[in-house]
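Please look at the model shown below and follow its parts one at a time, keeping the chain letters in view as you read.

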2 protein chains.
Amino acid sequence: MDLQSSPQGVVAGSIPLFAGHPAHELLPISTVRTLVDSIWSGPDVVRLFNYGDEQGNRQLIDFLAARHQQCENLNIGREHLMIIGGSTWGVGMITHHLAGPGDTVLVDAPSYRDALHIFRDAKLDLQAIAIDDGGVIVDEMERRLRDLASVRRRPKFYYVVPNFQNPTGITLARERRQAIVDLSKEYGFVIVEDDVYRDIRFVDDLPPSFYALSRGENVLRLGTFSKTLAPGLRIGWLIGPAETVKRFVTSGMLRMGGGANPFAAAIVADFCSSGRWEEHVARLRNQYKLRRDCALAALDAVMPDSARWTRPEGGYFIWLQLPDYVTVDELEGQAQAENVYFASGKGFFVHPEDGAHHLRLSFSYVPLDDLRSGIATLGRIIKGARRSHRSRRSRRH
Amino acid sequence: MDLQSSPQGVVAGSIPLFAGHPAHELLPISTVRTLVDSIWSGPDVVRLFNYGDEQGNRQLIDFLAARHQQCENLNIGREHLMIIGGSTWGVGMITHHLAGPGDTVLVDAPSYRDALHIFRDAKLDLQAIAIDDGGVIVDEMERRLRDLASVRRRPKFYYVVPNFQNPTGITLARERRQAIVDLSKEYGFVIVEDDVYRDIRFVDDLPPSFYALSRGENVLRLGTFSKTLAPGLRIGWLIGPAETVKRFVTSGMLRMGGGANPFAAAIVADFCSSGRWEEHVARLRNQYKLRRDCALAALDAVMPDSARWTRPEGGYFIWLQLPDYVTVDELEGQAQAENVYFASGKGFFVHPEDGAHHLRLSFSYVPLDDLRSGIATLGRIIKGARRSHRSRRSRRH
């Protein structure tokens with residue numbers, strides 16, 4: 001969820017540029033209210049309060065199948081889809097079913113902090129591959145795979161947020177996706193495609209998903225309603241090979257608890273089927289694009305030339321590389337003293353020191369004024385650090 | 001969730017004595033509706049739709065702390081409590097954090113089928129200890145622990161449903177609980193107390209929980225609203241040592257997804273805080289006791305003397321031991337032909353053949369008439385099997 005503490009824990013009056021949350025004012029609460037009001041008179045209301053089908057809400061599965069057909073020309077049968085309790089549930093389930101302690105998985109450097117945390121909890125061996133502006137560097141991945149193969153290690157999976165990556169906002173280039181699909185076949189690993197930001201795009205087209213490129217083979221793709229509808233409903237989906245979906249659906253966890261929250265899933269299903277979905281997502285794209293533009297303009301205005309940052313085409317995040325003369329720790333201390341909070345780059349690396357000059361800024365959660373003033377504060381601190389760095393240097397000479 | 005398939009999968013016109021579900025007519029849907037109607041005007045509505053605190057709904061934590069104080073004189077600080085997505089979530093989390101592939105855990109024989117399934121998915125080594133009418137046989141547990149110690153194995157935990165056990169309905173005797181607490185200290189294992197049926201009791205008093213007996217040391221206790229309020233809301237709780245709760249709350253899964261479904265948890269919290277809780281639970285006890293009485297009367301009326309069954313003082317289940325002359329497989333085939341479905345005993349044992357003459361009957365889900373007629377059908381089939389068994393024997397002689 002990308003908060004050092006929950007929204008409840010946000011310091012009053014602070015500017016939480018660390019929060020990978022949807023903006024409160026973009027949560028479609030009044031629509032949800034209308035939908036909930038109509039649930040009580042539906043024929044299935046009792047079912048929504050009892051244990052649900054392990055595969056999840058059927059209406060929502062059908063909606064998702066139709067939408068993937070419509071948006072990506074992907075023909076996904078029901079047996080390839082299941083509803084899950086947010087993409088978190090998917091990452092956990094995949095981790096526990098596909099890998100065990102000591103098993104190797106590939107991740108980007110940097111990669112999504114909380115996913116790394118889940119992998120560490122499961123005692124996996126994390127192999128981080130560097131990325132550049134086009135996403136993970138395929139030559140480096142191939143070299144690593146060869147090295148691993150030479151000591152008879154085969155990664156169980158490669159975990160990636162392919163679109164508007166968390167934390168960098170970078171989208172993985174199409175030709176790299178194809179090359180990685182080829183590598184996954186050659187080296188026998190699964191691609192776990194955590195595609196949670198897909199719907200928050202500011203461009204018309206995205207590269208095809210790994211799932212599309214591989215024709216569904218050996219890819220597990222995750223989606224979520226947390227970034228578009230409401231994280232508090234905890235509903236997402238998983239697409240994968242029929243036998244893998246079946247294995248998850250018939251697992252002990254699903255047998256015991258039933259499918260993802262039946263009541264919440266019904267609300268999401270009704271939202272999607274109401275015809276409001278596309279309009280809602282279009283509005284989000286506009287609104288988050290405004291925020292992205294505002295953040296980029298603020299960065300352009302206040303940052304020194306030696307700072308660098310990404311210009312994401314969707315999602316929630318901008319990745320900022322600090323000048324050599326200031327570390328993220330120094331910046332963090334001073335920024336917090338001025339009530340500005342961000343996500344230190346160190347949390348996103350398997351080797352935290354690799355992120356010593358990086359930070360993630362979220363433009364999704366705070367109002368535009370706070371976004372501007374928070375970034376202005378960071379710019380001022382960074383420029384101040386340059387002056388004191390220079391004066392320290394000149395004193396030493 | 002104890003269904004071979006979901007309620008949606010129940011064959012129309014059949015009698016699903018296998019379903020470990022609350023009765024549809026006892027789900028307090030109209031009350032939930034009233035509570036949801038008032039959520040929209042509350043000051044916190046936005047928070048319910050964003051990521052929630054990892055520990056879960058604070059109001060619900062406070063309610064549970066107060067209720068354990070009131071009902072059991074247990075003083076549980078907030079740091080010992082967390083809200084989870086049903087007890088399933090708890091069993092999964094405990095499994096993955098406390099044990100890994102090849103690790104030993106102790107379970108009852110028989111034990112809850114879906115928990116065994118989760119442990120098998122995690123590739124645990126299952127050591128099953130026989131039970132009798134007082135629950136698990138402590139001497140057998142101690143012998144097993146000594147045997148394991150002699151090969152330097154220490155179980156990570158003992159999993160038990162202490163009250164009205166699933167599948168037998170048996171309540172573990174007080175002195176055995178104390179003896180097991182002593183063994184857990186001597187042999188260094190955790191007790192996982194899955195106390196999901198506690199509130200559905202037909203007697204005034206229950207033995208103290210493991211958590212109470214051990215003064216909170218080395219015990220993880222699970223509770224749920226699935227058996228009392230609504231499984232579809234997927235909300236339960238975990239009580240344990242502060243350091244273990246902290247470890248769970250700060251795990252990757254909770255950091256990524258936030259706490260248990262904020263929207264559903266708020267509904268449950270409002271239900272509990274509304275003052276309706278005790279009255280609702282009292283009603284459930286009456287209603288499920290009626291069903292239990294009905295089932296026992298039906299069994300008394302139709303079963304042959306050589307069948308035996310438990311007389312549970314709460315919960316959802318009766319455990320039936322068949323006469324030697326009929327196996328559960330034979331009964332199952334014939335019963336299904338007459339549209340009566342039950343849970344075969346074989347699923348509840350680590351060694352399925354140990355359950356070849358057992359079955360679990362759920363009295364919670366089906367209406368009284370179906371309960372009577374379903375049990376009558378089983379009695380008729382069993383008696384019929386005796387006659388054909390006798391005639392086979394007499395032909396052989």
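## The four-stranded sheet of chain B

In this predicted model, four strands of chain B form an open sheet in the order S10-S11-S14-S13, and their pairing is antiparallel. The edges of this sheet are strand S10 (308–309) and strand S13 (343–344) of chain B, each of which pairs on one side only.

Within this sheet, strand S11 (residues 317–321) of chain B is joined to strand S14 (residues 358–362) of chain B by five bridges, and the two strands pair in the antiparallel sense. To find a particular pair of residues here, look for B:Leu320, which stands opposite B:Leu359 in S14(B).

## The eight-stranded sheet of chain B

Another open sheet of chain B has eight strands, which follow the order S2-S9-S8-S7-S6-S3-S4-S5 with mixed pairing. Strand S2 (81–84) and strand S5 (135–136) of chain B are the edge strands, and each of them pairs on one side only. Strand S7 (residues 190–194) and strand S8 (residues 219–224) of chain B run parallel and are joined by four bridges, and B:Val192 stands opposite B:Leu220 in S8(B).

Helix H4 (residues 86–98) of chain B packs on this sheet, where it touches S2, strand S6 (157–160), S7, S8 and strand S9 (236–239) of chain B, and its direction makes about 155° with that of S8(B). Helix H9 (residues 242–249) of chain B lies across S2, S8 and S9 of chain B, and it runs at about 35° to S2(B).

## Two packed helices in chain A

Two packed helices are described by the angle between their axes and the distance between the axes. In chain A, helix H6 (residues 138–150) and helix H7 (residues 174–187) pack at an angle of about 10°, and their axes are 10 Å apart. Angles under 35 degrees count as roughly parallel, and H6(A) and H7(A) are therefore roughly parallel to each other.

Which residues of H6(A) and H7(A) meet? From H6(A) come A:Val138, A:Met141, A:Glu142, A:Leu145, A:Arg146 and A:Ala149, and they meet A:Arg176, A:Ala179, A:Ile180, A:Leu183 and A:Tyr187 in H7(A). The residues of this contact between H6(A) and H7(A) divide into eight nonpolar, three charged and no polar ones.

## Details of the backbone

The peptide bond between A:Ala109 and A:Pro110 is cis, with omega at about 5°, and A:Pro110 has its place in the loop between strand S3 (104–109) and helix H5 (113–121) of chain A. In chain B, the peptide bond from B:Ala109 to B:Pro110 is also cis, with omega near 5°, and B:Pro110 lies in the loop between strand S3 (104–109) and helix H5 (113–121) of chain B.

A:Arg215, although it is not a glycine, has a positive phi of about 55°. This residue, A:Arg215, is found in the loop between helix H8 (210–213) and strand S8 (219–224) of chain A.

## How the two chains are related

The same surface serves both copies, since 100% of the contact residues of chain A recur in chain B.

## Confidence in the prediction

The mean pLDDT of chain A is 95, and 97% of its residues reach 70 or more. Over residues 1–8 of chain A, however, the pLDDT is below 50, and this stretch has 45 contacts in the model beyond near neighbours in sequence. The model scores ipTM 0.93 and pTM 0.95.

How values were computed. Residues numbered from 1 in each chain as written. Chains lettered and ligands numbered in written order. Predicted model: local features only at pLDDT ≥ 70, side-chain atom pairs only at ≥ 80, totals over all residues. Heavy atoms only, no water. Contact = heavy atoms within 4.5 Å. pLDDT = per-residue confidence, 0-100. Axes fitted to C-alpha atoms, helices over the stretch in contact; angles between N-to-C directions. Parallel < 35°, antiparallel > 145°, perpendicular 65-115°, else oblique. Nonpolar A, V, L, I, M, F, W, Y, C, P; charged D, E, K, R; others polar. Pairing = 2+ DSSP bridges.
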